[in-house]
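Biologist: I would like to learn how to read a few features of a model with care. Could we take them in turn, with the general idea before the case at hand?

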Amino acid sequence: MTNYFVDYFAAWESLDVDRLMGWFTDDIAYEDTTIGHGASGADQMRKFVSASFRNVPDARFVYVSHLATDTAFAVEWVMEPMGVRGLSIGALRDGKISAQRDYWNGAKYRVPNT
């Protein structure tokens with residue numbers, strides 16, 4: 001499943017909203033706990049993704065490790081070039097992400113326009 005997360009992070013790095021949206025179920029429940037933003041459903045997630053691409057277009061995600069089953073995951077990553085360590089925890093349904101919560105060090109990096 002390592003390739004799953006490497007490919008998922010590559011979708012974030014692509015700055016292609018449609019490509020990234022293909023990873024989520026239509027009823028995605030997403031929360032970025034550090035900045036207090038979230039999305040419920042594909043329309044809100046699309047807006048969140050678009051804003052993320054505008055606010056942090058140079059972000060790249062380095063896969064560190066993960067634990068996963070067919071229905072749940074936890075993946076550790078580093079957002080570069082900021083050097084911010086983070087963790088995403090969530091649920092999977094039919095190979096897509098149906099829920100995700102991100103935890104990362106907001107003291108190390110402040111996202112612009114949030």
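**Reading helix, core and strands**

Modeller: The buried residues of helix α3 are M45, F48, V49, S52, F53 and N55. Please keep in mind throughout that this is a predicted model.

Biologist: What covers the buried residues of α3?

Modeller: To find a cover, one looks for heavy atoms within 4.5 Å. For the buried residues of α3, the cover includes helices α1 (2-13) and α2 (17-21), together with strands β1 (24-32) and β2 (37-40).

Biologist: How far apart are the end C-alpha atoms of α3, and what span should its 14 residues have?

Modeller: The expected span is 1.5 Å times one less than the number of residues. Because the 14 residues of α3 (residues 42-55) should on that basis span 20 Å, and its end C-alpha atoms are 20 Å apart, the two values agree.

Biologist: Which residues touch the most other members of the largest nonpolar core?

Modeller: A core of this kind is a set of buried nonpolar residues joined through side-chain atoms within 4.5 Å. The largest one here has 32 residues, of which W12, L20, F24 and M45 touch the most other members. Two or more residues of this core come from each of α1, α2, β1, α3, β4, β5 (84-93) and β6, and α1 gives the most, with 6 residues.

Biologist: How do strands β3 and β4 run, and how many bridges join them?

Modeller: Strand β3 (residues 60-68) and strand β4 (residues 72-80) run antiparallel and are joined by 8 bridges. A hairpin of 3 residues connects β3 to β4, and R60 stands opposite E80 in β4.

Biologist: Is S98 buried or exposed?

Modeller: The reasoning needs a cut-off, since buried means under 20% relative accessible area. S98, which is placed in strand β6 (residues 96-104), has a relative accessible area of 9% and is therefore buried. Leaving aside neighbours within four places in sequence, S98 is in contact with T25, D27, I28 and A29, as well as with A91, L92 and R93.

Biologist: What is the relative accessible area of D7?

Modeller: D7, which lies in helix α1, has a relative accessible area of 42%, so this residue is partly exposed. D7 and W23 are 16 residues apart in sequence, while their C-alpha atoms are 9.8 Å apart in space.

Terms used. Residues are numbered from 1 along each chain as its sequence is written. This is a predicted model: local features need pLDDT of at least 70, side-chain atom pairs count only at pLDDT 80 or more; totals for chains, interfaces and linings use all residues. Side-chain values use heavy atoms; hydrogens and water are left out. Helices (H or I, at least four residues) and strands (E, at least two) are DSSP runs, numbered from the N terminus. Buried means under 20% relative accessible area, exposed over 50%, partly exposed in between (1.4 Å probe, protein chains only). Two strands pair if DSSP finds at least two bridges between them.
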